[in-house]
Amino acid sequence: MDTMNDEFYMSLALDMAERAQGQTGINPVVGCVIVKNGAMIGLGTHLQRGSGHAEVHALNMAAGQAAGSTAYVTLEPCSHYGKTPPCSERLIAEGVIRVVIACEDPNPQVAGRGVRMLRDHGIEVEVGLLRERALRLNEKFIKYILTKQPFVTLKSASTLDGKLATKMGDSKWISNGAAREIVHTLRHRHQGIMVGVNTVIADNPSLTTRMDVPGIHPVRIIIDSSLRIPLDAAVITDGLAPTIIVTTESANTVSKDALVAAGVQVLICGEGPRVNLKEAMVKLGELEIGSILLEGGGTLNGSMLESGLVDRVILFFAPKISGGGAEAPGTFIFPGVELMKDAITLQGVEVETLGDNVCISGTPVPR
Ligand code: AOF
Ligand code: ZN
């Protein structure tokens, strides 16, 4: 038995899964290590939705030598026929005698059935090694598979006084290079990126992923209640990634037709005058967008947060104070609470310093 090294192998499996973040769509990231007689004989990572699961890649590498081995898997092996056959069946067929699992698969089609199937075949199964890390790694998958709605990460880069720009609208640059680099990794790791139309009108951003190594561009989602987006906006003309405009029934149908003709998908969410953001999340989930990076202005950030639609907040602060009162756009604009005890609070707060910038992140406590 290889019990002494359990944590070593599971953390390797988690490391592999971590590196695949952003490329599995609505699927989880999963890593698997097969160990026999003190040696690794198979490594596998789930790389893309529709392609092989981690266990299958690892067992293929083991090339028929897995009888009597231990498998370390970061997620409960599946028990269902999805786009691929069940991994539990394959582990059984290969003669694996022990399976160590970091966390259960919340997918209602699996949810404990994988573990049961393995145990029913006399395999020793242990669940929970490095569970917290595994759950965190798949927080987007877990939210989507349980609710069919996207996991939303709100990201902002502001001055210490919470400003996204000066009173003149100047914002280049607030945060330092290290913080801006992380933002592009975040874009790679989300299927969608969401902003309000005012951001498009003010900055004409491309909202693509730009990193030292090539990354995946998220689908661009623009919240635009009355279809004010200019037809020559980069997100409409550059063809670098699909664009979805979310609007209302009361929006001008001529503009809608022009947008559709320009190759953009238009989603109607609510009667107006404002987009029904809850409905938008349901419809975007139906389009299999399982995660969204919200890079909104203050109004969209405030509405999303107030509606309880934000799952993680990541705030970068630069050591600058630019003032400007109400004329300078702030990170969160919403009516606000009367008493501090009613403020939106973050839990699981983490603080990271990036040179002279600070990143504060956490999960809003549901209200
Ligand atoms: C595993 N190992 O590597 C992954 C699992 O559509 P499919 O066939 O790819 O199935 C997707 C579901 O399978 C997904 O929702 C999750 O429950 C599980 N993913 N399971 O044993 C893996 N990626
Ligand atoms: Zn599987």
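Student: Where does H53 lie in this predicted model, and why is H53 called buried?

Tutor: In this predicted model, H53 sits in the loop between β2 (39-45) and α2. A residue is buried if 20 or more other C-beta atoms lie within 10 Å of its own. H53 has 27 such atoms within 10 Å, and therefore H53 is buried.

Student: Which residues is H53 in contact with, leaving aside its neighbours within four places in sequence?

Tutor: H53 is in contact with V30, H46, C78, T84 and C87. The criterion is that the C-beta atoms of two residues lie within 7 Å.

Student: What does UniProt list together with H53, and how do you know that the listed residues cluster in space?

Tutor: For "binding site", an unreviewed UniProt entry lists H53, C78 and C87. These are spread over 35 residues of sequence, yet the largest C-alpha distance is 9.1 Å.

Student: What makes C78 count as buried, and where is its place?

Tutor: C78 is found in the loop between β3 (70-75) and α3 (87-93). Its 25 C-beta neighbours inside 10 Å are set against a cut-off of 20 or more, so C78 counts as buried. Beyond four places in sequence, its contacts are H53, P86, C87, S88, D105, V110 and G114.

Student: Which residue carries the feature "active site", and why does this residue count as buried?

Tutor: The unreviewed UniProt entry places that feature at E55, a residue of helix α2 (residues 54-62). With 30 C-beta neighbours inside 10 Å, against the required 20 or more, E55 therefore counts as buried. Not counting residues up to four places away in sequence, E55 touches C32, G44, A71, V73, P77, C87, R90 and L91.

Student: How many residues surround ligand 1, and of what classes are they?

Tutor: Ligand 1 is surrounded by 19 residues, the closest being V30, H46, H53, G82 and N107. The shell has 9 nonpolar, 6 polar and 4 charged residues.

Student: What is the strand order of the open sheet formed by 5 strands, and why are β2 and β5 at its edges?

Tutor: The order is β2-β1-β3-β4-β5, with mixed pairing. β2 and β5 (124-127) each have a single partner strand, so one side of each is left without a neighbour in the sheet. The twist averages 15° from one strand to the next. Helix α2 packs on this sheet, touching β1 (31-36), β2 and β3, and its direction makes about 140° with that of β2. Helix α4 (residues 113-120) also packs on the sheet, touching β4 and β5, with its direction at about 155° to that of β5.

Student: What makes β10 and β13 the edge strands of the open sheet formed by 9 strands?

Tutor: That sheet has the order β10-β9-β8-β7-β11-β6-β12-β14-β13, with mixed pairing. β10 (265-268) and β13 (346-354) each pair on one side only, and these are the edge strands. From one strand to the next, the twist averages 20°.

Student: How do you know that β8 and β9 pair?

Tutor: At least two bridges are needed for two strands to pair. Strand β8 (residues 219-223) and strand β9 (residues 243-247) pair over 4 bridges, in the parallel sense. I223 has V246 in β9 as its bridge partner.

Definitions and conventions: Residues numbered from 1 in each chain as written. Chains lettered and ligands numbered in written order. Predicted model: local features only at pLDDT ≥ 70, side-chain atom pairs only at ≥ 80, totals over all residues. UniProt positions renumbered as here; feature names shortened; annotations may be inferred. Helix = DSSP H or I, 4+ residues; strand = E, 2+ residues; numbered from the N terminus. Buried ≥ 20, exposed ≤ 12 C-beta atoms within 10 Å, placed from the backbone. Near = placed C-beta within 6 Å. Nonpolar A, V, L, I, M, F, W, Y, C, P; charged D, E, K, R; others polar. Axes fitted to C-alpha atoms, helices over the stretch in contact; angles between N-to-C directions.
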